[in-house]
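User: I am new to this structure. Please take me through its loops, strands and disulfides.

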Amino acid sequence: MLRDMDRSFVLSGAGHLVLILWVLFGDFLFSPPEPEEMTVTSVSMISSAEFDAMMSGAAAPSETQATEDPAAEALPDTPPPPRPERPAEPVTEEVAAAEPPPAPDAPAEPVAEDIPEADIAQPFDVPEPVAPPAEQEQPVAVPPTSIQPRPRPSTRVAPTPQDAPPEDVPEAEEVQQAVSEDAPPEAPVVEETQEAAAPEEASTEIVTEATETEEAPALAPTASMRPKSRPRAPQTPVETPPETETASAAETTTPAEDLSPAVDQQATEDAVAEALAAAAAESSTSDAASESAASDSPASSSSAPSGSLAANGPPMSAGEKDALRVAVERCWNVAALSTEAQRTTVSVRVKLGADKKPVATTIELAESNGSPAATRQAFEAARRAILRCGAKGFPLPDEKFDTWKDLKLVFDSRGVGL
Amino acid sequence: MSRLRHLLSAAAVAVAFVSGVGLSTAARAELTITLGTPVIEPMPFALPSFVDEGGAGGMAGDISAVVAADLIGTGLFEQIPPNAYIQQVTSFDAPVSYPDWQAINAQALITGAVQAGGGQVAVKFCLHDVFANNTLGECLQFAGDAGSWRRVAHKVADAVYSRITGETGYFDSRVVFVAESGPKNQRQKRLAVMDYDGANVSYLTDSSSIVLAPRFSPAGDRILFTSYSSGFPQIYLMDVASLQIRSLGEQPGTMTFAPRFSPDGSRVVFSLERGGNTDIYLLDINSGSLSQLTNAPSIETAPSFSPDGSQIVFESDRSGGQQIYIMSASGGEPRRVSGGAGRYGTPVWSPRGDYIAFTKQNQGRFHIGVMLTDGSEEKLLTSSYLDEGPTWAPNGRVIMFTRQPPGEGSPQLWTVDTTGRVLRPVQTETAASDPAWSPLLP
């Protein structure tokens with residue numbers, strides 16, 4: 001009996017001991033949900049870092065200027081009636097002084113407020129086709145703004161956190177399979193973690209919508225878009241520089257392919273004929289592409305001239321073009337011009353240095369539709385605008401120097417004046 | 001042989017390829033941006049006091065002040081205060097430090113020097129495009145009698161204005177008007193002439209009779225006006241140099257008024273009232289021949305020639321209210337060009353031929369306005385208790401008119417540009433009305 005008692009006692013003691021040990025250390029071994037959350041939070045940290053890295057690029061400040069400039073220019077437009085003695089200088093100076101501060105402080109907020117109205121759709125669409133040839137698209141922080149609308153409704157309507165989890169499960173699987181293709185699936189994944197982690201935070205987010213707009217663009221674009229453009233960009237320029245100069249890839253490959261078989265004997269004449277035909281077709285297509293790009297009007301400017309410009313460097317986004325346009329228009333004063341000169345459209349070519357300042361000696365008249373006298377007045381006003389507002393450098397992205405170093409500015413003031 | 005073929009073919013391929021690349025490179029190299037929203041604001045300019053190079057004394061500063069006032073008065077320019085100047089111009093030949101003027105945002109710089117002696121004054125000046133680091137055109141020099149230093153200053157301002165705007169100036173011009181004095185019920189009116197800015201007033205007639213509607217001849221050497229010296233309205237012609245006066249188109253039992261010269265100065269178109277009916281007539285000054293241009297039971301008056309002399313614009317109430325019509329200079333069926341609400345009167349053809357200025361009365365307000373010669377693009381430039389009698393500046397960009405305030409106020413001359421943005425009173429010694437701008441002085 002005693003042996004049986006001892007056995008049972010030992011067994012029970014061992015069982016209790018195991019139970020105690022399980023109770024003490026079991027939680028550490030079986031607490032799966034917490035580490036998952038930690039990983040999820042780390043994802044959000046990565047996205048913010050990438051966002052900061054993007055903001056370190058030159059694209060964001062230029063956009064802030066572009067958005068502020070129109071507002072600043074709206075001021076001089078309204079005052080003209082009372083104009084008596086309001087100097088233009090203070091206005092321009094104030095504008096110039098107002099531009100710097102917003103850039104360092106909170107670049108995302110002003111951009112998010114102004115840009116969505118007109119530039120949301122176009123700048124986002126532009127980078128995608130251009131992504132292959134581009135060198136580094138990351139600094140073009142414009143795309144994030146386009147994705148903003150998507151997260152907004154979900155987070156703001158967030159009062160129903162239960163709806164989000166079911167979406168996340170299938171989307172997480174897609175992300176693993178698709179690696180980097182789809183941007184939308186990744187954004188909702190992040191939303192899950194936020195909702196599950198802190199329902200209380202939802203209230204703080206709702207309070208300030210501006211902060212939501214900041215987070216949304218940071219989350220959405222960071223993951224998928226940037227990696228795509230990077231690997232593709234180096235491939236095209238490295239292999240065939242001449243090909244990159246022409247927009248049509250198919251046509252450029254044919255002459256390149258023909259050069260190698262040119263070593264063959266009998267195919268030489270055919271190769272020559274094909275090459276001549278291809279070169280002729282190539283030049284015609286490139287001219288057509290350049291003409292289409294040259295006819296870039298303010299209304300259609302947002303439709304990024306991806307063709308010919310992509311060859312020189314990354315294309316200018318609509319926001320960057322607007323920033324440049326507004327920067328010049330701010331100094332383009334036609335009040336003192338004759339009515340004929342005001343109705344004259346002049347095209348002016350100018351080269352910009354790496355410091356983004358115009359080279360005065362390169363400013364030349366390209367085209368005009370007015371009389372010689374009117375053309376002279378209109379050209380001089382245009383030249384003054386370029387030199388005045390370019391004295392401190394235009395708001396242009398550094399990495400796109402090859403794109404904007406040669407400018408053709410079309411000054412069309414028809415509709416202004418009597 | 002085959003090797004040669006290879007070389008030739010390869011060369012052909014290379015040439016074709018390079019040519020294609022070259023064409024495409026040249027065509028694609030630039031980024032095109034279209035600008036369509038310029039600013040409309042006065043152009044800042046700097047005008048250091050002209051340098052006295054001998055004998056000018058205070059005249060150098062006075063001339064500088066007149067030049068600045070002329071430019072500022074257009075509303076197109078704005079002077080940067082002299083105390084903001086970084087570079088002090090003490091010599092006309094000293095090199096211009098453009099960065100110093102760029103720093104204060106001066107878009108144009110005017111430097112000059114004045115030399116006086118022997119009753120003569122000479123002014124030389126240069127206009128600089130500050131941001132282009134160069135002069136705009138060549139430096140010029142004007143000279144004249146010391147007593148006419150204001151004209152010299154106006155000449156300088158005209159040259160600057162013309163060089164920057166591309167329009168001819170209007171500063172060196174005169175205005176004939178009716179100077180009014182005395183109480184409203186016993187107003188005395190005299191013909192007077194002044195500089196366009198109200199300076200140098202001189203009176204041409206005494207106040208013994210009422211005078212109205214003076215008009216300069218195209219050469220500026222004669223003046224047409226209407227006088228009641230005979231007891232009823234009658235048009236007269238005055239020689240400005242001798243101040244001699246003679247009547248024109250005098251016919252017994254008629255009243256003549258609202259005269260205006262033809263562009264060549266050889267004919268006068270005016271209104272003649274006979275038997276209660278008013279029509280428009282044309283008088284050849286030299287031969288005295290008179291021809292009737294309109295024949296209607298309504299009142300036709302205020303005729304004005306087109307700059308080419310082929311047409312005449314006038315006002316008529318043949319439609320029941322005062323409206324503006326245009327007819328051939330030889331007469332014939334007129335066509336109505338005004339079509340808006342209200343009454344239109346005193347049309348004046350712009351010296352440039354593009355616009356017609358008019359007085360409009362609508363809903364108890366008077367307006368000075370302009371419209372294209374086909375009546376389109378009507379634009380009202382002013383609105384007041386009583387605005388009337390527009391006259392064009394020689395360059396067709398500014399209009400002077402009479403503004404009469406309500407009550408016991410006296411009429412005053414005002415100017416407005418064709419955009420309506422720059423509206424300013426003209427400073428005159430007395431009350432003034434019925435202005436008529438002269439051509440640019442020679």
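User: In which loop is Leu243(B) found?
Analyst: This is a predicted model, where local features need pLDDT of at least 70, side-chain atom pairs count only at pLDDT 80 or more, and totals for chains, interfaces and linings use all residues. Residues are numbered from 1 along each chain as its sequence is written, chains are lettered from A and ligands numbered from 1 in the order written, and side-chain values use heavy atoms, without hydrogens and water. Strands (E, at least two residues) and helices (H or I, at least four) are DSSP runs, numbered from the N terminus. Leu243(B) is found in the chain B loop between β14 (234–239) and β15 (245–247).

User: Is Leu243(B) buried, partly exposed or exposed?
Analyst: Buried means under 20% relative accessible area, exposed over 50%, partly exposed in between (1.4 Å probe, protein chains only). Leu243(B) has 39% relative accessibility, so the class is partly exposed.

User: What is the phi of Ala258(B)?
Analyst: Most residues other than glycine have a negative phi. Ala258(B) lies in strand β16 (residues 255–261) of chain B. Ala258(B) is not a glycine, yet its phi is positive, about 50°.

User: Which residue forms a disulfide with Cys126(B)?
Analyst: A disulfide is a pair of cysteine sulfur atoms within 2.5 Å. Cys126(B) is buried, at 7% relative accessible area. The sulfur atoms are 1.7 Å apart, and the partner is Cys139(B).

User: How many residues apart in sequence are the parts tied together by Cys331(A) and Cys389(A)?
Analyst: A disulfide joins Cys331(A) to Cys389(A). Cys331(A) lies in the loop between α20 (318–329) and α21 (339–342) of chain A, and Cys389(A) in helix α22 (residues 372–389) of chain A. So the parts tied together are apart in sequence by 58 residues.
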